[in-house]
Amino acid sequence: MADFGFNELHQNEMINYMRFARSKRALRLKTIDSCFQDLKDSRLIEETYTVDEVSDMLDGLQVLVRGEVEMELINTAHTNVLLLRQLFSQAEKFYLRLQTDISELENRELLEQVAEFEKTDFKPNSKVNQESSKPKLAPLNEGGVSELLQKEISRLQEDNDKLKARLRTLESQAMSALDDKSKAERALKALQKSQGDHQEIANLEGTVAAMQADFEKTLNANVASQKDLQDSLVSAKHDLLRVQEQLSLAEKELEKKFQQTAAYRNMKEILTKKNEHIKDLRKRLQRYESDE
């Protein structure tokens, strides 16, 4: 029997896994064989084929075989991951730390030993295959190993207590540093506020001086503008009086000229006659009302 440095229990676990892998491999090989047989039964029915037909059949067969092989490789990788997960989970329960060396997976000498182990020790009628139980990774019960684990746990607990004490000290120092920082920030803010107040007062004084200068400038401009407006108003009033006087004279002159025209005299005579006629009618109306 090939020796891999494991006890009988671990050797049995390895044989069980190899038996599982062999069954999966045999099933996948049967599937690939069926792909070739299906091609023979469904496509190879003629005596002669063209190059394109043969190429098409081989391409289809390539797709099928490639899919089956890829599926098997992926399934094998996932299965190995699940196996490692089981081992790591059981080891963590007993505070064990497992490490893997990926480079050893391509060690040709070790791979040949595994192949030889499968040929010589993995037999269908062997004693191992007749075992029905599948033990899991169990804790080591040897006194020396248990004592070593207990010492390691005690050491880790002691280190943990020291780290906790150190953490409390650091937290206290951090709180003290935060208090000092807060005091320094308050003092800095007070100093900045004082400097800011002085600067703000200086800015306000400058703003007030500028506003006062603008106000005086605007006031002077308003006084000059008001004087100009008053002069313009007096001149406008004089112009208005002169125009009104000229208009009155023109109206009188126009009326005088109109009275001197024949049309005006005829109109005046007609109006006089109308007025006399109206007066006569009023007198008659009064007499009529009296008689009634």
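How many salt bridges does a search of the whole structure find? The search finds seven. A salt bridge here is a side-chain nitrogen of Lys or Arg within 4 Å of a carboxyl oxygen of Asp or Glu. Side chains of opposite charge can pair when their charged atoms come close.

The model is predicted, and local features need pLDDT of at least 70, side-chain atom pairs count only at pLDDT 80 or more, and totals for chains, interfaces and linings use all residues. Residues are numbered from 1 along each chain as its sequence is written, and side-chain values use heavy atoms, with hydrogens and water left out.

Start with the overall fold. The secondary structure of the chain comes to five helices and zero strands, and from the N terminus on the elements run α-α-α-α-α. Helices (H or I, at least four residues) and strands (E, at least two) are DSSP runs, numbered from the N terminus. The chain has 292 residues, and 8% of them count as buried. Buried means under 20% relative accessible area, exposed means over 50%, and partly exposed lies in between (1.4 Å probe, protein chains only).

The buried residues of α2 are Met57, Leu61, Val65, Glu68, Glu72, Thr79, Gln90 and Ala91. Two of these names return in a network of salt bridges, which links Glu68 and Glu72 with Arg28. Thr76 also has its place in helix α2, and Thr76 is partly exposed because its relative accessible area is 31%. Thr76 and Arg25 are 51 residues apart in sequence, while their C-alpha atoms are 9.3 Å apart in space. After α2 comes Tyr95, whose phi is positive, near 60°.

Patches are made of residues with over 30% relative accessible area and no salt bridge; like charges are joined within 9 Å, and nonpolar side chains (Val, Leu, Ile, Met, Phe, Trp, Tyr) within 5 Å. The accessible areas come from the Shrake-Rupley method with a 1.4 Å probe, and for residues only the protein chains shown count as cover. Leu83, Leu84, Leu87, Leu96 and Leu98 make a nonpolar patch of about 370 Å². Asp52 belongs to helix α2 and counts as exposed because its relative accessibility is 64%. For charges, Lys and Arg count as positive and Asp and Glu as negative, while His and the chain ends are not counted. The place of a charge is taken as NZ of Lys, CZ of Arg, CG of Asp or CD of Glu.

Helix α4 covers residues 143-259 and holds both Lys162 and Glu158, which are four residues apart, about one turn of the helix. Their side chains meet in a salt bridge at 3.8 Å, N to O. Lys162 is exposed because its relative accessibility is 53%, whereas Glu158, at 43%, is partly exposed.

Helix α5 covers residues 262-291. Which residues of this helix pair in salt bridges? Because Glu269 and Lys273 are four residues apart in helix α5, about one helical turn separates them. Glu269 is partly exposed at 45% relative accessible area, and Lys273 is exposed at 53%. Asp280 forms a salt bridge with Arg284, and the closest N and O atoms are 3.3 Å apart. Asp280 and Arg284 are likewise four residues apart in helix α5, about one turn. Asp280 has a relative accessible area of 30% and is therefore partly exposed, and Arg284 counts as partly exposed at 49%.

A patch of positive charge also lies on the surface, where Lys279, Arg282, Lys283 and Arg287 gather. Arg287 has its place in helix α5, and it counts as partly exposed because its relative accessibility is 48%.
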